[in-house]
Structures are given as C-alpha cells and as structure tokens.
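Hi everyone, thanks for coming. Have a look at the picture first, and then we'll start.

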Amino acid sequence: MRTVRSETLVRGTVQGVGFRPFVYRLATSLGLAGSVRNSPQGVVIEIEGEAKTVTAFLDRLISEAPPLSRISSLETADLAPAGLGEFRIIESAPGSPPAALIPPDVSLCSDCAAEITDPRDRRLGYAFTNCTNCGPRFSIVLGIPYDRPETTMAAFPMCRRCEGEYTNPADRRFHAEPIACPDCGPSLFLDGNADAAALDRVAHLLAGGKVVAIKGLGGYHLACDARSAEAVEVLRARKGRGQKPFAIMVRDLEEARRVAAVSSTAAALLISPESPVVILPAKRDSGLAPGIAPRQATVGVMLPYTPLHRLLLAQSPPALVMTSGNLAEEPIEHRDEEAKRKLGPLADHILSHNREIAVPCDDSVVRCTGDLVSPVRRARGYVPRAIPVEIACSPVLGVGSHHKNTFCLLREGEAILSQHIGDLDTLEVLDYFRQAVAHFERLFQAKPGIIAHDLHPGYLSTQYAQSLADVRLVPVQHHHAHVVSVMAELGLAGPVIGIAYDGTGYGADGTIWGGEVLIADRRDFRRATHLRPVRLPGGEAAIEHPTRATLSYLADAFGPLEGERIARHLMPALTDTEARVVMRQIERGVNSPLASSMGRFFDAVGALLGASPIATYEGQPAMELEAMTAGVNDRVEPYPYAIEGGIIDTRLTVRQVALELQQKVEISLIAARFHETIAAFTRDACRQIRAQGGPSDVVLSGGVMQNARLLSRLLGLLEGEDLTPHIHWEVPPNDGGLSLGQAVIAAARSES
Ligand SMILES: [Zn+2]
Ligand SMILES: [Zn+2]
C-alpha cells in the first residue's frame, strides 16, 4: 500500500453549488484525509491516502459532481505525504481574495418543492425555502467572496435549527448561503403590511381580475389573470405597452400543454434550473385572453421558479400574466420604495418581501419550435455563467449595443456576459448600465484597460466608452461582432462565412447595414455579399412606420411613380399624402440613408401583406409576417432573385410579391414563399463563396435569426451543401449578444 498526497485546483462553476460538501462527503466516504477550500481560481482540494483510492476519488470528482457545478479543468500537483489524520472544509478567510465565480440564480428544486407542501415540514408554505441546489445566488450577491455576509441575506441572522443545517456537512443545506426558514428568514408584505396570509389574499385578488405588482427573484413583475381579457387590457393600457406580447406563468407543465405546443425540448427548458420564458407555438382556443400576444402565433410561457411563485400559482388562476414591473423604457424595478412609487399607479396591490435584491435581473427568454432553440434574452438563470475564450489578453470590456444592451467582461480565458440591461434611451437605463459595469468589475476583480465599442457614434454605449480615461478603445463593426459572438459561444476560431441579418447596424462605409454575408475571423472581416441597399425614409423612424420601408422597396422595384400607384392600391390604409410625401423624400434622398437591412426588408413585405402599419416594438411587422405562414409547409417555391457582384438583388422578388398580391394569391402562401426566398438566396451566396475557396463553416446571427421558420429553412438548405451551419445556443442572436463579439474581437486584436 502506497500513500500519496496531492493538491488539485478545480476550475469552473464550483462555488455556491454545493461543491465543497460534495468533496467532503466523497473524501470521507473513501476514508481519505486532507481539506477543501475556495480560492480565487476555483476550489482547491488537498487529498492524502492510498494511491488507488486517490485515483478513484479524482475520477468520481468529475463523474459525480453536483448538478449545478461545471468543471472546466482539473490541475493536480503531487506533494510529499504528511500523515494527515482527517478531512476538513476550510472556511473562506475574511479579506481573502475574491471568489472565482458566482453562480446564477437557480429555480426551485424538487426536494424543496416537496418540503413546502409537506404538512409535517417546518418549511410548509414558506416562500423563501432554498437549499444547496436551488435558490437565489447572483441576484443577492453584494460582494465577494460568495458567503452569506456578502449577500442580502446578511440581514437575517440564522436561527439555531438553520445554523445546524448550514454547518452540518451531511445536510443538504450545508453552506446554502441563502438558507432561511419561517423563524429567521424573510417574510411577505401586502401593500406594505406584514401578512402571513399574503399569498392567499393575492391569489383571490388575481382571481377577481386585479393587477398585482409582485416582488420576485430579480425584480418586480406585474401580474393578472391571463384568461381575463379585461384584466389583460387594463394592464396593457396602464403599462402603455402597445402590442408587445406579455409572458405568462402557468401552474405546471400540464397547464403549459393546454396553452401551447410543448415539445420534449421545450419541456426540458421549462423545467430546467434556468427556468426561462419559453416562446412556444400557441394553441387555438386555449382560453388565454387575445390581448396576451396580439397577431402572434406564439406565446411566451414559464413555470413558477421560486417557492413564492409555486405557492401562489397553486391557489391563483392557473395562468398569470407575469410581465416585468417597470415603466416603459425603464429597467425592471427592484427596490421597494421606487417600486411603490412607480408601480403603485399601475397595480391595484403590491406583494413584496424584505429580502433585498442586490442585482436586478429580468427573466431570460428563449424560443423553442420543435427541437430548434433560439435564445432571445439572456439574464436570470444564465448570468453570470462564463463562456470559455482561449485568448491570452489583459481584461477587456465590450460595452455592447444601444438596444437590448448587455456588456461583456473578458478576463483570464473567460467571457462573462452581463444580464439584459435594456435600451440605453433613458437616464435610468444608463445609470443601471453604469452600476452594473461597476458591480461586475468588483465581483470579478477586473479593471479592463481595453474597451470595445460599436462604430455607431450615436450609441450611448459608444459615448460611454469614449468618456473613459486611460483606456485603449477598439471600435468594432456591428455585424462582425454578431458573427464573432456565435464563434465565441461555440469556440470557433474561423475563418467562417458569417451571416448577420438584423435591423440596423452602422456599416464600415457609414451607411446602414443589416443584410450581410461576411468572411470573418476573430480579428477581421470582409464584406462578401449583401442585400441591395434601398433608401430608408426618415432613417430610424422607418422602424415605427414599416410602410415607409414598403414604399422604398416598391420604388426600387418599379420606380417611384408606379411604386406609389401600387402602394395605394395594395395598402388601403396608406393616405395619399403620406404616400406622396414619402415617395418625394425617397426620390430626393432627403433624410433617407441607404440601408441594406434584412429586418427592414421583412418589415416592408410584412406591412405590404397586412401587418400592423405602426410597429409598437422593433420587429413587430416581421414577427407578424412569420405568424402569417402558420399552417403552410416547407415545400414552397422561392420567388426569383439575382446575386451579382456580391449584391443580392431583391427587385425581382418584390415585383413577384406585388403581382401575386394583386392576383389575390393567399397571404399565407406569399409569406411562406418570401421566407423561402431569403433562405434560398442566402444558401446561394454561401455556395458562391465556397466555390471560390471560401470557408465551409457558416455561422448565423443577427436579430432576424429569431425567426424560427427562416432559421429552420436556412439550416435545412445549408446542410444539403458542402457547408456546416452553426447557430447560437445560449447567447441571443440579437443585439443582446453583441458585447460578447466585441470583447472577443478586441481581445484577439490585442493578443500578446
Ligand atoms: Zn432546493
Ligand atoms: Zn431558520
């Protein structure tokens, strides 16, 4: 028998996920001696015992690691045997270096879910129950290391029984930092008054059609009965939300199946520890109020992810609207006083609690159609999980886009993407952005000297970057950043063919881009093929008035006079004055920048086919256009198009769409053939590049890729070629993923 001693550094998400107690139990069960402790790099394990047993220990360390942990590497160094007698968990010393990684918030686990409904359990009905495998994490962390005193749970001294669980390595709450029970933990308040029966009362209020502001994990929601058309209308009007869809929270998976088509992939997402809102194909006659998702064929559904929500939904109506509690254009409310002031007028009642939210964090959103998953918003449950990036570089900050902002901190071989911040249109959001950047720099102990930003001079994120002193600025083209965000997520170094289809992004030539096929690596890119540019009357204002884009595409395809005639004929809602004024503007090029935007092309055709002429949120006409294709299968012919000299000519397509509309061909078929056309010319553009010796990897990004029909057709067509398509898995293809691409490009350019 040979005794060995070694020290192992475990890197990855290994703190705050029950890793140390797991190591303790494993080591003691094998009769090994040594210790385990948190370090700035991860978890350090010292182990001593028989050589064979130590090897078995290291194997099982990987194969039996706790469900929420993610081991990225093990580094083992041999030490001289020291005759250690026992195995110990070493506490983080005060003032010790920072925790390597703070885990994301985790949805209620099955053990805790069973306890809160068990009449014999002391946590029966307790809304703040959690354990080592579930509960709040990122949203309650004030500082580092990740230990109770550095969370908002520091305000609640543990009772004797909780302390017993917390300090017992055999207990499933050993070192569960947010541990709590009805005797010592947070409690509920209804309209400002402590109320043990608050959940019963709120369930009744919701059943009675009231709107209630509810404080949850990462902020406040506004909730109402999702089957009450009246309540939903009241909420929509009070929130001033236009037609943007509301997410709903349903009681259980069965209820989700009642309102939507839930594939096995979708079900797995719904019950995952991340527990995002999953956008699903909506069922007809589900009983949901029509005002939930006007003119859409989808519905965003989530399951109760905290004990508070689980207990509420058990008694309330089985489907509740759960929309972020904020005023339009402001961040989600998370402080009680502000919530009272701002949400008070929108809600009939306020359900709050006294556990403070340190970091506001919206619900994450993914779209799932069959097996196809497409991330839309990355926040609660995912942030701050790191993405490994193999570039040796000093810390970099990517400040992100103006819309759907996130930022990205890159350091020591990993990129940490922030939660969804929002549109940087108001001072409130800009403040939130600044605070979140400062919080990340503290938590992850990085002071970035390299700042990556978009080329757009008007983005407030760009202006923020330019206001920083003693940093090196790296301007990054918008669509290059989109392409590299996919590469980073999948660990591709390139070169790749990068398809970046979105609304608008500042081009390297100063015009608006957005229908781009690039050849790119992590440092540079070449614009290989792009959509034929058209005038965008009013520039950004064309987003709100999609008929302007329609007029522009008709003018391009038919000339201004004929284009105007066709527009008036096909779009009765268009007034003569509007048509004439906009056409004049296009002809003269007044305040009408050139744009090769795929998003606007979808808007233009959407509005022509009868989508809402006013877009109350970005991409509304394009989403309505996709919804029009419901029920039409994949086997439709594309419309004609041409690709010449790197330009995709859409004039033939637009002429044919207009012709078929005049011939009264079914709208759903025209919409489907339009989608097929985009997929077909994209495949052809890639084929041309490949034929000239270009790369075979194709990455797909940009907000337009949230269109499930287009994405699935693109994948189908590209897989039939000598090409390998890649899509986002966790990082959104829209501007929410931009900062990751920015940071990686700046790092690659600065690599030592
Ligand atoms: Zn639990
Ligand atoms: Zn307690």
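Let's begin with the metal. In sequence, the donor residues of the zinc ion (ligand 2) are spaced C-x2-C-x18-C-x2-C. Before I go on, please keep in mind that this is a predicted model.

So which atoms hold the zinc ion (ligand 2)? They are the SG atoms of C159, C162, C181 and C184, and they coordinate the ion at 2.2 to 2.3 Å. The angles among the 4 donor atoms run from 104 to 115°, and the site is tetrahedral. Now, are these cysteines buried or exposed? Let's take two of them. C159 has a relative accessible area of 17%, so it is buried, because buried means under 20%. C162 has a relative accessibility of 0%, and therefore it counts as buried too.

There is another zinc ion to look at, ligand 1. Its protein donors are C109, C112, C131 and C134, again through SG, and they lie 2.3 to 2.4 Å from the ion. What is the geometry of this site? It is tetrahedral, with angles of 104 to 120° among the 4 donor atoms. Along the chain, the donors of ligand 1 follow the spacing C-x2-C-x18-C-x2-C. C112 sits in helix α3 (residues 110-115), while C131 is in the loop between α3 and α4, so this pair ties together parts that are 19 residues apart in sequence. Both C112 and C131 are buried.

Next, the backbone. Most residues other than glycine have a negative phi, and most peptide bonds are trans.

H175 is not a glycine, and its phi is positive, near 55°. You'll find H175 in the loop between α4 (160-167) and β6 (188-190). Its relative accessible area is 12%, so H175 is buried. Now turn to E412, with a positive phi near 45°. E412 is in the loop between β19 (408-411) and β20 (414-417). Is E412 buried or exposed? At 65% relative accessibility, E412 counts as exposed, because exposed means over 50%.

What about the peptide bonds? The bond from V383 to P384 is cis, with omega near 5°. P384 belongs to the loop between β16 (372-377) and β17 (386-388). A cis bond also joins G494 and P495, where omega is about 0°. For P495, look in the loop between α13 (478-490) and β23 (496-506).

How many residues make up the largest nonpolar core? It has 65, and the residues with the most contacts inside it are F19, V23, I45, F57, L61, I214 and L351. Helix α5 (residues 198-207) supplies the largest share of this core, 6 residues. Leaving aside neighbours within four places in sequence, F57 is in contact with V23, L26, A27, L30, L32, I45 and I47. Apart from this core lies another one, of 63 residues, including L554, Y639, I678 and A679.

Now for the rings. A search of the whole structure finds 13 aromatic pairs. One of them is F433 with Y464: the pair is edge-to-face, 5.0 Å centre to centre, with 90° between the planes. F433 lies in helix α11 (residues 427-443) and Y464 in helix α12 (residues 460-467), so the pair ties together parts that are 31 residues apart in sequence. Both of these residues, F433 and Y464, are buried.

F602 and F674 also pair edge-to-face, at 5.1 Å centre to centre and 80° between the planes. Here F602 comes from helix α17 (residues 598-608) and F674 from helix α20 (residues 667-691), so parts that are 72 residues apart in sequence are tied together. F602 and F674 are both buried.

Which residues do ring pairs link into a cluster? They are F138, F407, F433, F440, F444 and Y464.

R380 lies over the face of Y305, 3.5 Å from the ring centre. R527 lies over the face of W513, at 3.9 Å from the ring centre.

Conventions
Residues are numbered from 1 along each chain as its sequence is written. Chains are lettered from A and ligands numbered from 1 in the order in which they are written. This is a predicted model: local features need pLDDT of at least 70, side-chain atom pairs count only at pLDDT 80 or more; totals for chains, interfaces and linings use all residues. Side-chain values use heavy atoms; hydrogens and water are left out. Donors are N, O and S atoms within 2.8 Å of the metal (3.2 Å for Na, K and Ca); water is not among the atoms, so sites may look incomplete. Four donors count as tetrahedral if all angles lie between 85 and 135 degrees; four count as square planar and six as octahedral if opposite donors are over 155 degrees apart and all others between 65 and 115; anything else is irregular. Buried means under 20% relative accessible area, exposed over 50%, partly exposed in between (1.4 Å probe, protein chains only). Helices (H or I, at least four residues) and strands (E, at least two) are DSSP runs, numbered from the N terminus. A nonpolar core is a set of buried Ala, Val, Leu, Ile, Met, Phe, Trp, Tyr and Cys residues joined through side-chain atoms within 4.5 Å. Contact means heavy atoms within 4.5 Å. Rings of Phe, Tyr and Trp (its six-membered ring) pair if their centres lie within 6.5 Å; planes under 30 degrees apart count as stacked, over 60 as edge-to-face and the rest as tilted. A charge sits over a ring if NZ of Lys or CZ of Arg is within 6 Å of the ring centre and within 35 degrees of the ring normal.
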